[in-house]
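Please keep the sequence and the structure in view while reading.

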Amino acid sequence: MHRSLFAERPSPYYIMSPDYRRNSAGIRVLHMLCDALVRSGYEAYISSAVLNPRLMTPRLTNDVTALHKAQKVEPIVIYPEVVDGNPMGANVVVRYLLNQPGFLRAISPFEKDDILFSYTRELLQPGMTQDRVLYMPAVDVSIFCPPVDPTQRIPGKVCYYQGRQGKALIDPALLAADSIEITPGSPGSWEELAAVFQQCEFFYCSEP
């Protein structure tokens, strides 16, 4: 016990993330990761300016990084797979693969010393083992849940999503005229999107 009082200070975690927004599962997961680390007793910070007030996500500021540098504390920097290179110049780099590397934007090959984790088993890269899956459920089940009234669901009613890339993989001409298309911008809120799901019997989606 006495020895632990004088143990070396653990490395803080720096998580590189865009500003928080509800309509991006990947961004939500990055902010949830910071929150989970803090709640577990670790020192963690996130780089974005816009935060979710419901989460414990201290902002990574110049003052924070300067203090750690003065204290000679070595951070562990966590990048999502869309970040190219090592802009923080970190000695310890973690890549959190929330999508296939290069799917959303071109990136350079990862360094051999980078530590890789994937969001799901499907995203594991060659050489990665199952223990490198770091999954956190990003869906708020208090909103996305079955309808309270089962009769709210309309038999045969369809909604569909073409995906973020705008590739028309689903032919609306093959669907009923009253089918509802879901896009990245419509419906405008989670609650409105949940209401669409609760009234539809079938959902067709062209991407994971």
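A residue is called buried when its relative accessible area is under 20%, exposed when that area is over 50%, and partly exposed in between, with a 1.4 Å probe and protein chains only. The model is predicted: local features need pLDDT of at least 70, side-chain atom pairs count only at pLDDT 80 or more, and totals for chains, interfaces and linings use all residues. Residues are numbered from 1 along each chain as its sequence is written, and side-chain values use heavy atoms, with hydrogens and water left out.

Glu81 is buried, at a relative accessible area of 5%. Glu81 sits in the loop between β3 (76–80) and β4 (92–97); helices (H or I, at least four residues) and strands (E, at least two) are DSSP runs numbered from the N terminus. A polar atom of the Glu81 side chain lies 2.9 Å from the backbone nitrogen of Leu98, and the side chain also reaches the backbone nitrogen of Asn99 at 3.5 Å. Beyond its neighbours within four places in sequence, Glu81 is in contact (heavy atoms within 4.5 Å) with residues including Tyr96, Pro101, Leu104 and Ile107.

The nonpolar cores come next. Such a core is a set of buried Ala, Val, Leu, Ile, Met, Phe, Trp, Tyr and Cys residues joined through side-chain atoms within 4.5 Å. The largest has 20 residues, and Ile15, Val29, Leu33, Ile78, Tyr96 and Tyr119 have the most contacts inside it. At least two residues of this core come from each of β1 (13–15), α2, β2 (44–46), β3 and β4, with the largest share, seven residues, supplied by α2. A second, separate core of ten residues includes Tyr14, Val64, Tyr79 and Ala90.

Finally, the pockets. On a 1 Å grid over the protein atoms alone, a pocket is an open set of points where a 1.4 Å probe fits, with protein on both sides within 12 Å along at least five of seven lines; lining residues have an atom within 4 Å of a point. The largest pocket has a volume of about 1800 Å³. Its lining has 48 residues, of which Asn23, Ser24, Ala25, Gly26 and Arg164 are the closest to its centre. The largest share of this lining, six residues, comes from α2. The second largest pocket has a volume of about 320 Å³, and α2 again gives the most to its lining, with four residues.

Conventions: Grid points are joined across faces, edges and corners, and a volume is the space filled by probe spheres set on the points. A polar contact is a pair of N or O atoms within 3.5 Å; within protein, one must be able to donate a hydrogen and the other to accept it, and residues adjacent in sequence count only if both atoms are side-chain atoms.
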